[in-house]
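Thanks for making time this morning. I would like to walk you through one structure, taking a few of its strands and helices in turn, so please keep the view open while I talk.

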Amino acid sequence: MIDLFSDTQTRPTAGMRAAMAAAEVGDEQSDSDPTTLALCARVAGLLGFEAGVFMPSGTMCNLVSVLVQTRPGDEIVVDDQSHIYNTEAAGSAAIAGVSVAALKTPAGVYTPEAFEAAIRPTGRTAPRSALVSIEQTTSFSGGSVWALADMRRIRDIAHGRGLKAHIDGARLLNAVAATGISAQDYAEGFDSAWIDLSKGLGCPVGAVLCGSQTFITEAWRWKYRLGGAMRQSGILAAAGLYALDHHIDQLGRDNANAGLLRDRIADAPGLAIDAGAAQSNILCFSVEPLGVTAADFAKACLADAVRVRAIGAYQIRATTHLEVDAADILRAATVIRAEAERLSAKRG
Ligand SMILES: *Cc1c(COP(=O)(O)O)cnc(C)c1O
């Protein structure tokens, strides 16, 4: 099967498993797991921050960033297709007690003007706008890559108005691969940012959240409180170090493969694909013109051993990763095209 459901479907490679087995370990909770410490220092350096903390998941990175940088009753600003808003079980509302201003966007990328307009007036009645989050790259809206200039304007507007600025960088390194702009440049001046190890980097578990030393001290308190502190986490951190050594180049290939898929199905009948689609390793398209739901379309592809993901009524998402190569993409494109052609012929 060619699995384009998500880049979370990657399994640890033999090399990664060997690195995990050989990891030097200690107790993470008391800062004595050397491999975890090495991973945190490495990612903090990569993103240009003072410090980092190893987390069990990206979801916990987002939640802890909200917890540290808001108070209950505050408001955070995100895009309406963001992971924080849609697929974290409302953790920021349930646990951090914040409300969410979700900005309407065509592809997960809002303008600095729209952000500025969403900041609440100061006063007794409105929630206090406390934090803005940028998802680089966007997940459910098709892997869009934010322009560096817009990120910086949003960061500066945030700071000028007393908000903190956060990067949900689950796939930040895919943006780096797409543009050649360094992770440090993207994250410069932001208050918190993180990368996921369990997406395109191919690790089984984990993410690293970065910020100032003061931020990380507070993040640690929340990690502990939420039950995220670990013991011999070096087994997992070793996978992260291995990925940073061996899987970064793969992200460029993943991005290219998403583009290849787009090019191969762009003119298939009844598929609505945005011109700017597949800026990184995710391709979203609509099957609405075919008169079929995304769930049914995905099911038909699965019958031909190609797994894509239905996200919403008519939207399909295909994500590339290290377990699919260009030959797989060509085959997936053939299956998707054939299904589009079949449905289109049926409609007449
Ligand atoms: C996957 C993802 C997350 C959550 O990360 P997990 O490691 O799955 O908890 C957050 N934000 C974005 C944009 C993601 O793609």
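Helix 13, which covers residues 294–303, lies across strand 9, strand 11 and strand 12, and runs at about 40 degrees to strand 12. Please keep in mind throughout that what we are looking at is a predicted model.

Those strands make up an open sheet of three, in the order 9-12-11, and the pairing within that sheet is antiparallel. Strand 9, at 282–286, and strand 11, at 309–310, stand at the edges with a single partner strand each, and therefore one side of each is left without a neighbour in the sheet. Helix 12, residues 248–265, also packs on this sheet, where it touches strand 9 and strand 12, and its direction makes about 25 degrees with that of strand 9.

If we turn to the pairing itself, strand 11 and strand 12, the latter being residues 315–319, are joined in the antiparallel sense over two bridges, and Ala310 has Ile316 in strand 12 as its bridge partner.

Now let me move to another strand. Are the residues of strand 2, at 51–55, buried or exposed? The strand is mostly covered, with five of its five residues buried. Ala51, Val53 and Met55 point one way from strand 2, while Gly52 and Phe54 point the other way, and the residues on both sides are buried.

As for its pairing, strand 2 runs antiparallel to strand 8, residues 207–211, and five bridges join the two; within strand 8, Leu209 is the bridge partner of Val53.

Methods:
Residues numbered from 1 in each chain as written. Predicted model: local features only at pLDDT ≥ 70, side-chain atom pairs only at ≥ 80, totals over all residues. Heavy atoms only, no water. Pairing = 2+ DSSP bridges. Helix = DSSP H or I, 4+ residues; strand = E, 2+ residues; numbered from the N terminus. Contact = heavy atoms within 4.5 Å. Axes fitted to C-alpha atoms, helices over the stretch in contact; angles between N-to-C directions. Buried < 20%, exposed > 50% of the residue type's maximum accessible area, 1.4 Å probe, protein only.
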